[in-house]
Amino acid sequence: MEVLTSWVKSGDVNNVIPFLPQGCKTPKGRYVVLRWLSQYRQQCAPSSLIGITDCILDGVLDKEKNTRIVAMNLFEVMLE
């Protein structure tokens, strides 16, 4: 996640979003990726988040409460 953070600091979080679905394939990875992305949710364009709808919805339906919480935060941004 350090590399992604450095990319965001030198550019735009919306340019990184298309590369995130790979990390969301496992429940643990999904939590890590969505938690990381949620700290930049104010900078995320809803249109960029549409590209990872599957990841966000998988997070909303995850059995882990923490994953559901961060996914819902992103889902709210996506609906704006």
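A residue counts as buried when its relative accessible area is under 20%, as exposed when over 50%, and as partly exposed in between, with a 1.4 Å probe and protein chains only. Because its relative accessibility is 8%, D62 is buried, and this residue sits in the loop between α5 and α6. Leaving aside residues up to four places away in sequence, D62 touches P27, R30, T67 and R68, where contact means heavy atoms within 4.5 Å.

The model is predicted, so local features need pLDDT of at least 70 and side-chain atom pairs count only at pLDDT 80 or more, while totals for chains, interfaces and linings use all residues. Residues are numbered from 1 along each chain as its sequence is written, and side-chain values use heavy atoms, with hydrogens and water left out.

Helices are DSSP runs of H or I with at least four residues, numbered from the N terminus. In helix α5 (residues 53-60), the buried residues are C55, I56 and G59. Seen down the axis of α5, they fall within an arc of 95 degrees, so they line one face of the helix; the arc is that of the directions from the helix axis to the C-beta atoms. Among the elements that cover these buried residues are α3, α4 (46-50) and α6.

Two of those covering helices also meet each other: R30, Y31, L34, R35, L37 and S38 in α3 are in contact with N66, T67, V70, A71 and L74 in α6.

Note on methods
Helix = DSSP H or I, 4+ residues; strand = E, 2+ residues; numbered from the N terminus.
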